[in-house]
Amino acid sequence: MLDHVFRTTPLHRVRLEVYAFNERARHVYEKAGFVAEGVERDALLWEGEWHDAVVMAVLRPEWQARTGTLA
């Protein structure tokens, strides 16, 4: 997806949110190049408990450095 976005659009940044309890997804996003930027505290009330959301993003220059691409 990042390859498509950065090769075919002028976007500089791709952002996502992942709930803090979803460690597997966060690991996958980090492997794809996303970096944690912050935490939205108590972003989700699920089964009577509040959970944080981690804000993550990847920037075009970071993606270019990882892939060796100048797109």
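Strands E2 (residues 35–46) and E3 (residues 49–59) pair in the antiparallel sense over eight bridges; pairing requires that DSSP finds at least two bridges between two strands. The structure is a predicted model, in which local features need pLDDT of at least 70 and side-chain atom pairs count only at pLDDT 80 or more, whereas totals for chains, interfaces and linings use all residues. Residues are numbered from 1 along each chain as its sequence is written, and side-chain values use heavy atoms, with hydrogens and water left out.

Within this pair of strands, Glu40 has Ala53 of E3 as its bridge partner. Two residues lie between the strands of the hairpin, where Glu47 takes a positive phi near 50°.

The protein contains three helices and three strands, arranged from the N terminus in the order α-β-α-β-β-α. Helices (H or I, at least four residues) and strands (E, at least two) are DSSP runs, numbered from the N terminus. The C-alpha trace spans about 45 × 20 × 15 Å along its principal axes. Of the 71 residues, 27% are buried (under 20% relative accessible area, with exposed meaning over 50% and partly exposed in between; 1.4 Å probe, protein chains only).

Thr69 lies in the segment after helix H3 (60–67). Thr69 counts as buried because its relative accessibility is 12%. Not counting residues up to four places away in sequence, Thr69 touches Arg7, Trp63 and Gln64, where contact means heavy atoms within 4.5 Å.
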